[in-house]
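Biologist: Please take one metal site in this model and walk me through it closely. I would like the ligands, the geometry and the surroundings.

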Amino acid sequence: MLLFWGRLYLKFLLQEVIVLRQRIHKIFVVFLAMLFLLAGCSSGDQSGQQVEQMDLAPTIGHKDVNNDTGELKVHFIDVGQGDSILIETPGGQNMLIDAGERDQGEKVVNYIKSQGIDKLHFVVGTHPHSDHIGGLVKVIESIPVEKIYLPRVTHTSRSFENLLEAISNKGLKISTAVAGVKISLADGEASFIAPVGEDYEGLNNYSAVIKLTYGSASFLFTGDAEKLSEKEMLANGTDLKADVLKVGHHGSVSSTSSNFLQAVSPEYAVIMCGSGNDYGHPHKETLAALSGLEVYRTDSDGTIIISTDGNNYNITTGNKIAAQDKVVSNKDNSVYYIGNKNSKKFHRTDCANLPAENNRVYFATCEEAVNQGYTPCGSCNP
Ligand SMILES: [Zn+2]
Ligand SMILES: [Zn+2]
């Protein structure tokens with residue numbers, strides 16, 4: 001009998017401990033969220049048109065200078081389905097916009113380090129979706145960051161909690177990304193032109209949108225901003241014209257409305273998406289809207305680097321073969337080779353032995369198919 005009551009009491013105690021742990025976790029999350037909101041409020045008060053003063057000038061001429069070519073370099077890092085953009089200014093300032101999913105964090109860190117960069121002056125998490133901020137945790141843990149911008153919105157996901165934790169562990173204060181806030185670049189200009197509003201249904205429209213200009217060259221980085229945000233940017237009277245457009249929301253039909261595209265009127269469009277992604281990105285409607293432009297895609301081109309001296313652009317892609325394929329592919333857009341998930345063979349798109357729709361996997365190049373363990377079909381000989 002005594003044993004019975006003893007066990008019961010022990011069980012009760014255990015339950016109490018579990019409930020307590022859950023409570024502590026909840027309190028911790030709420031605490032982090034409050035910290036974030038407070039930080040957001042404090043810098044939000046100074047938003048508007050104010051230029052944020054930073055002591056960045058001293059870094060010029062120091063070790064940080066890793067780019068003495070007089071060129072601005074923008075790397076659209078291939079992180080599969082997600083965004084990650086690294087910007088190097090001629091004066092040696094570095095900015096990172098997003099870092100893909102959590103499992104891409106290490107790749108992004110290695111990529112940044114491989115460019116000789118050991119410090120990020122600005123980091124922007126466009127919005128709390130994991131395909132944008134997941135990898136930022138690893139980045140913040142691995143590379144010194146001076147300033148981090150996030151839009152003023154919270155999310156209950158693990159990746160967002162981890163991000164807030166990493167930020168607080170490094171003693172960083174979050175600055176609010178909101179239309180009108182300028183990023184103090186020593187050379188060139190960068191400012192947030194969205195989010196314009198403060199209350200949206202989905203997280204995508206909270207996306208921080210950045211316009212970057214250097215000389216007469218210009219870039220627009222849109223995150224996952226959708227048509228509503230595009231409409232607000234237009235209504236705000238923002239000068240949207242940019243030579244290079246990072247196409248919104250991985251080329252989804254949710255974004256790139258015709259009015260917006262017309263106002264930006266880019267020469268080059270970059271779509272960041274993973275090959276064979278679950279969402280069918282980029283959507284064919286978006287590709288049709290972009291026809292006539294020079295379109296680059298991380299799923300087929302790998303990492304895309306666009307350098308500019310302020311006038312001319314030089315574009316290189318990680319996968320040169322893909323770049324050649326792209327010219328051919330502009331006729332039929334996205335797919336070049338089709339693999340069979342079961343037989344692990346891959347085919348030309350006009351092969352008579354194509355697998356059933358649900359067994360297909362798509363490749364931009366033969367190399368990509370071979371790298372993933374697929375062998376060429378004997379009859380169409382890709
Ligand atoms: Zn996304
Ligand atoms: Zn998103």
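Modeller: Asp224 bridges two metals, the zinc ion (ligand 1) and the zinc ion (ligand 2), which lie 3.6 Å apart. Asp224 sits in the loop between strand 10 (217-221) and helix 6 (227-235). His250 is 26 residues away, in the loop between strand 11 (244-246) and helix 7 (258-264). The pair thus links distant parts of the chain. Helices (H or I, at least four residues) and strands (E, at least two) are DSSP runs, numbered from the N terminus.

This is a predicted model: local features need pLDDT of at least 70, side-chain atom pairs count only at pLDDT 80 or more, and totals for chains, interfaces and linings use all residues. Residues are numbered from 1 along each chain as written, chains are lettered from A and ligands numbered from 1 in written order, and side-chain values use heavy atoms, without hydrogens and water.

Now the donors. Asp131 (OD), His132 (NE2), Asp224 (OD) and His250 (NE2) coordinate the zinc ion (ligand 1) at 2.1 to 2.2 Å. Donors are N, O and S atoms within 2.8 Å of the metal (3.2 Å for Na, K and Ca); water is not among the atoms, so sites may look incomplete. The donor residues follow the spacing D-H-x91-D-x25-H.

The angles among the 4 donor atoms run from 85 to 153°, and the site of the zinc ion (ligand 1) is irregular. Four donors count as tetrahedral if all angles lie between 85 and 135 degrees; four count as square planar and six as octahedral if opposite donors are over 155 degrees apart and all others between 65 and 115; anything else is irregular.

Asp224 is buried at 2% relative accessibility, and His250 is buried at 1%. Buried means under 20% relative accessible area, exposed over 50%, partly exposed in between (1.4 Å probe, protein chains only).
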